[in-house]
Amino acid sequence: PFEIFEIGAVKLDDDMQRIDSFSCYIKPKVYKELHYIAKGLTHVTEELLEDGRDFGAAVKDFLDWCSADGEYRMCTWGTSDLVELQRNMKYFGIENPLEYPLFYYDIQKLFSIVAVLAHGLDRIYPFVHRKTAVDMLGIEKNIDFHSAISDAEYTAKVFEGIDFGRVGGYFSIDTYRIPAGVKDE
């Protein structure tokens, strides 16, 4: 399994304006050495993570931060982040307080739908990369990609740049906790 070593998120208001951010490193417990690909993409080092927080405390603070202003909806780039968050919570014995079924917005999917509708493109989901979306929307690239907080910042900027009125009904449903049967579904 993947072990989360960084959490980064951006909070937007109803007008898609950035109002807050959350960022922390997590001290690994399972893998003491970062995979070479993770090192190359993120530029995070084992030394940096030595001062990281405990996963349980970090995820509790993150979820408290998410709900601090009341109701919220998670947004991700792709489908794996929420699965990995819940998988790590289960592994470390942390109760999963997320609603079930968990409805969220996959900004990669929403951007792809908008791109297809607005530009007459062929279907590009799920292969569009965040950097491609940033380029297509003309968003200034003033921070590096591939850290949790910078990727959250770019995802928020892409979200701000799409016509949510056109695609807001295309929410996604988390696949970590699969319904037990048709009745639950």
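## Helices, strands and the model

Helices (H or I, at least four residues) and strands (E, at least two) are DSSP runs, numbered from the N terminus, and by this naming Ile139 has its place in the loop between helix H6 (130–137) and H7. The structure is a predicted model, in which local features need pLDDT of at least 70 and side-chain atom pairs count only at pLDDT 80 or more, while totals for chains, interfaces and linings use all residues. Residues are numbered from 1 along each chain as its sequence is written, and side-chain values use heavy atoms, with hydrogens and water left out.

Is Ile139 buried or exposed? Ile139 is buried, because its relative accessible area is 16%, where buried means under 20% relative accessible area, exposed over 50%, and partly exposed in between (1.4 Å probe, protein chains only). Not counting residues up to four places away in sequence, Ile139 touches Val134, Tyr154, Lys157 and Val158, contact being defined as heavy atoms within 4.5 Å. Val83 stands 56 residues from Ile139 along the chain, and the C-alpha atoms of these two residues are separated by 28 Å.

## How H5 and H7 pack

Two packed helices are described by the angle between their axes and the distance between the axes. For helix H5 (residues 107–119) and helix H7 (residues 148–161), the axes come within 10 Å and cross at roughly 35 degrees; axes here are lines fitted to C-alpha atoms, for helices over the stretch in contact, and angles run from 0 to 180 degrees between N-to-C directions. The crossing of H5 and H7 is left-handed, a word used if the near helix is turned anticlockwise from the far one by less than a right angle, with right-handed used if clockwise.

Which residues of H5 and H7 meet? On the H5 side they are Ile107, Leu110 and Phe111, and on the H7 side Thr155, Val158 and Phe159. The residues of this contact between H5 and H7 divide into five nonpolar, one polar and no charged, where Ala, Val, Leu, Ile, Met, Phe, Trp, Tyr, Cys and Pro count as nonpolar, Asp, Glu, Lys and Arg as charged, and the others, Gly among them, as polar.

## Asp151 and its partners

Asp151 lies in helix H7 and is buried, with a relative accessible area of 13%. Leaving aside neighbours within four places in sequence, Asp151 is in contact with Arg130, Phe145 and His146. A polar contact of 3.4 Å joins the side chains of Asp151 and Arg130; a polar contact is a pair of N or O atoms within 3.5 Å, and within protein one must be able to donate a hydrogen and the other to accept it, while residues adjacent in sequence count only if both atoms are side-chain atoms.

## Salt bridges

A salt bridge is a side-chain nitrogen of Lys or Arg within 4 Å of a carboxyl oxygen of Asp or Glu, and by this rule the count comes to 10 salt bridges. One of them joins Arg18 to Glu153, with the closest N and O atoms 2.8 Å apart. This pair links distant parts of the chain, since Arg18 is in strand E2 (residues 18–25) and Glu153 in helix H7, 135 residues apart. Arg18 is partly exposed, with a relative accessible area of 42%, whereas Glu153 is buried at 15%.

Glu84 and Arg87 also meet through their side chains in a salt bridge (2.9 Å, N to O), and both lie in helix H4 (residues 80–91), three residues apart, about one turn of the helix. Glu84 is buried, with a relative accessible area of 13%, and Arg87 is partly exposed, with 35%.

## Backbone exceptions

Most residues other than glycine have a negative phi, and most peptide bonds are trans. The peptide bond from Tyr100 to Pro101, however, is cis, with omega near -5 degrees, and Pro101 lies in the loop between H4 and strand E4 (103–106).

Met16 has a positive phi of about 65 degrees although it is not a glycine; its place is in the loop between strand E1 (6–12) and E2, and Met16 counts as buried at 16% relative accessibility. His146, in the loop between H6 and H7, has a phi near 80 degrees, a positive value in a residue other than glycine, and His146 is partly exposed, with a relative accessible area of 39%.
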